[in-house]
Amino acid sequence: MERNQWESAAEAILFALGEPVEETRLAQAMGCPREAAARACQSLAQGYEAEQAGVRLVRLEESWQLVSAPQWGETIRGLLSRRKPDKLSPAALETLAVVAYFQPVTRVVIDQVRGVDSAHSLALLLDRELVAPCGSLDAPGRPILYRTTPVFLRSFGLSSLEELPPLPESGLNREEGQPW
């Protein structure tokens, strides 16, 4: 590979991963010695700086990472500050609670527990990756089973489902996953 190809390879890898990449790992992916990867990164970094590009390539100890150029920091912060996550509606939160406590659970059970059609709320939760399909019930029609995801745990500051508060006594049986 010619030097500009090393630079292109390093740039593509660093862009795709979006996180710091150790020189040894970068060299291994590029199929070159570590020193060649380091030189390619150094050359890229100097080129971005000279062109006043919107990105920079920075060295972090033995790793390299693509970052935004400092002069664009305020613009980026302004854009990110305006992007607030949409809140979940009460119906979506109720649907999420049913899935969390009764998982794996079918939509029919969710509808029975809530007493209303949950299709819209369930679609929203799937779109936000708070719930996910996890198989199908061995019953006529093979209805899809749903469960919560790691995104759910992260979003609600939980390490595991065991940290969910207990359900009040209401005739709902969490262990069997059935609302009766």
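User: By class, which residues make up the lining of the largest pocket?
Analyst: In this predicted model, that lining has six nonpolar residues, three charged residues and one polar residue.

User: Which residues lie nearest the centre of the largest pocket?
Analyst: D86, L88, R128, L130 and S155 lie nearest its centre, out of 10 residues that line the largest pocket.

User: And how much space lies in there?
Analyst: The largest pocket holds about 170 Å³ of space.

User: Changing topic to the sheet: what is the order of the strands?
Analyst: The order is β1-β3-β2 in an open sheet of three strands, and the pairing is antiparallel. The edge strands, β1 (21-22) and β2 (55-60), each pair on one side only.

User: How many bridges join β2 to β3?
Analyst: There are six bridges between β2 and β3 (residues 63-68), and the two strands run antiparallel. Within this pairing, V55 is placed opposite S68 of β3.

User: Which helix lies across β2 and β3?
Analyst: Helix α3 (residues 34-51) does, and α3 runs at about 140 degrees to β2.

User: Now the helices α5 and α7: at what angle do their axes cross?
Analyst: The axes of α5 (residues 90-102) and α7 (residues 119-127) cross at roughly 75 degrees and come within 9 Å. An angle of 65 to 115 degrees counts as roughly perpendicular, so α5 is roughly perpendicular to α7.

User: Which residues make that contact?
Analyst: From α5 the contact uses A91, A92, T95 and L96, and from α7 it uses S121, L122, L124 and L125.

How values were computed:
Residues are numbered from 1 along each chain as its sequence is written. This is a predicted model: local features need pLDDT of at least 70, side-chain atom pairs count only at pLDDT 80 or more; totals for chains, interfaces and linings use all residues. Side-chain values use heavy atoms; hydrogens and water are left out. On a 1 Å grid over the protein atoms alone, a cavity is a set of points where a 1.4 Å probe fits but cannot get out, and a pocket is an open set with protein on both sides within 12 Å along at least five of seven lines; lining residues have an atom within 4 Å of a point. Grid points are joined across faces, edges and corners, and a volume is the space filled by probe spheres set on the points. Ala, Val, Leu, Ile, Met, Phe, Trp, Tyr, Cys and Pro count as nonpolar, Asp, Glu, Lys and Arg as charged, and the others, Gly among them, as polar. Two strands pair if DSSP finds at least two bridges between them. Helices (H or I, at least four residues) and strands (E, at least two) are DSSP runs, numbered from the N terminus. Contact means heavy atoms within 4.5 Å. Axes are lines fitted to C-alpha atoms, for helices over the stretch in contact, and angles run from 0 to 180 degrees between N-to-C directions. Angles under 35 degrees count as roughly parallel, over 145 as roughly antiparallel, 65 to 115 as roughly perpendicular and the rest as oblique.
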